[in-house]
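This briefing is meant to be read alongside the sequence and the coordinates. It begins with the ligand site and then moves through selected parts of the chain.

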Amino acid sequence: MSANKQLLVLPGDGIGPEVMHEVWRVIDWMERRRGVRFEISDDLVGGAAIDARGTPISPETVEKAKSVDAVLFGSVGGPKWDKLGFDMRPEIAILTLRRELGLFANLRPAVVFDPLVEASTLKAEVIRGLDLMIVRESTGGIYFGEPRGIETLANGKQRAINTEVYTTDEIERVARVAFDLARKRQRRVCSVEKANVMETGLLWRQVVTALHQREFADVELTHMYADNCAMQLVRNPRQFDVIVTTNLFGDLLSDLASMLTGSLGMLPSATIGGLDGSGRRHALYEPIHGSAPDIAGKGIANPLAQILSFAMLLRYSFAMDDEARLIENACTTVLASGLRTADIMAKHCAKVSTQVMGEAVVRELDKLGA
Ligand code: NAD
């Protein structure tokens, strides 16, 4: 592996390039003030790549993504490309990257920043201090299982089929990610399925339990049915540290958990894969929000989810925990000082632009990292 940290930056469409611009300030700060050396290339994806090259992601971009330590992704899509066929949609860029890089574990933190505790629809006393991580299996399960399709029956009516499939290896590798993560947090994993009504749930529970006994006895493991987990997330979300679950349940539960925090513009995510031949673990980091065409070009998007995605990248791809925490603390301090982009605006706060928010984070980094 090169001594430098190799990154591929893919800003995408809509607000993607606007919020990514603020990450460049943070990268610049890391290089100037912490002596970190990044080797960075950037490229077009999504609608921008369709316009320039006639494809949402070129094979060269995919090859570049495979050759770097980590990919920082913005967001893709917008009304301009909505009418294109499924194979030409901007979203194909992200699906292609997940497939080609073998990114099987999606990490979605749900963290409530204290200054934003009132932004949630839940009571402050329920969500204050919330810090949970959902690990969702993201390349298997019912979204990919065969057989699938819609068929016409003899009586002229139709029947639609999707199949939930999981192998031991698929379950074990995502569970290992969750246990490893828990070791760096509060050492608690809750494994979520529906073993009461699904065979895949039964196997999931057996494999997670066996792995736990074999390799992770120092981590507390509990099991929960997915429907109960949905209730518990709303009733008492702070009972969880790390949740590991299937693709389908993770899709639903991670969206539910993100909304506990009340702010789409604040939420980062990571998708990680296995080790390749050279010992490198592929990983892609992106905010959970989309390209927000309704506010693109206005300079009012919240850049914090993109900046926090970069913090996740430092933590999980380069084990730079101190630097990641520094960025997270800088974001909290900026919010505590009363600066807000329009999406998280509150009473007695000052509404600022994307750029001013980015600059404020760097000013806080200057103070905290001094
Ligand atoms: P969205 O997340 O783009 O926007 C939803 C709402 O949240 C909008 O009102 C938007 O203005 C607001 N919002 C989102 N991010 C914000 C930010 N950082 N700051 C302030 N406000 C923010 O979801 P959508 O409207 O359903 O989708 C828009 C486009 O994005 C579609 O083409 C969709 O396919 C695409 N999309 C892409 C990704 C991705 O690239 N991974 C993810 C989701 C949606």
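Among the 19 residues around the ligand, those that come nearest are Glu 91, Gly 290, Ala 292, Asp 294 and Asn 302. The model is a predicted one, and the points below are grouped by topic.

**Ligand site**

- The shell of residues around the ligand is made up of seven nonpolar, eight polar and four charged residues.
- Asp 294, one of the residues that come nearest to the ligand, places a polar side-chain atom 2.8 Å from a ligand oxygen atom.
- Gly 78 contributes through its backbone, with an N or O atom lying 3.2 Å from an oxygen atom of the ligand, whereas Glu 286 contributes through its side chain, in which an N or O atom is 3.3 Å from a nitrogen atom of the ligand.
- The protein buries 68% of the 810 Å² that the ligand exposes when taken alone.

**Pro 293 and its partners**

- Pro 293 belongs to the loop that runs between β12 (281–287) and α10, and it contacts Gly 78 and Pro 79 once its neighbours within four places in sequence are left aside.
- Although Pro 293 and Gly 78 are 215 residues apart along the chain, their C-alpha atoms are separated by 5.8 Å.
- Pro 293 counts as partly exposed because its relative accessible area of 45% falls between the limits of 20% and 50%.

**Helix α1**

- Helix α1, which covers residues 16–34 and so has 19 residues, reaches 26 Å from its first C-alpha to its last, close to the 27 Å expected at 1.5 Å a residue.
- The buried residues of α1 are Gly 16, Glu 18, Val 19, Met 20, Glu 22, Val 23, Val 26, Ile 27, Trp 29 and Met 30.
- Just after α1, Gly 35 adopts a positive phi of about 65°.

**His 212 in helix α7**

- His 212 sits in helix α7, which spans residues 199–215, and its side chain reaches the backbone oxygen of Val 219 at 2.6 Å.
- With a relative accessible area of 15%, His 212 is under the 20% limit and is therefore classed as buried.
- Apart from its neighbours within four places in sequence, His 212 is in contact with Phe 179, Ala 217, Val 219, Glu 220 and Leu 221.

**Backbone features in loops**

- Most residues other than glycine have a negative phi, and most peptide bonds are trans.
- Arg 187, a residue other than glycine, has a positive phi near 60°; it lies in the loop between α6 (168–183) and β8 (188–193) and is partly exposed, at 35% relative accessibility.
- His 348 likewise has a positive phi, near 65°, and is found in the loop between β13 (339–340) and β14 (350–351).
- His 348 counts as exposed because its relative accessibility of 80% is over the 50% limit.
- The peptide bond that leads from Glu 146 to Pro 147 is cis, with omega near 0°, and Pro 147 is placed in the loop between β5 (131–137) and β6 (149–152).

Terms used: Residues numbered from 1 in each chain as written. Predicted model: local features only at pLDDT ≥ 70, side-chain atom pairs only at ≥ 80, totals over all residues. Heavy atoms only, no water. Helix = DSSP H or I, 4+ residues; strand = E, 2+ residues; numbered from the N terminus. Buried < 20%, exposed > 50% of the residue type's maximum accessible area, 1.4 Å probe, protein only. Polar contact = N/O pair within 3.5 Å; in protein donor to acceptor, adjacent residues only side chain to side chain. Contact = heavy atoms within 4.5 Å. Near = heavy atom within 4 Å. Areas by Shrake-Rupley, 256 points an atom, 1.4 Å probe, with all protein chains shown as cover. Nonpolar A, V, L, I, M, F, W, Y, C, P; charged D, E, K, R; others polar.
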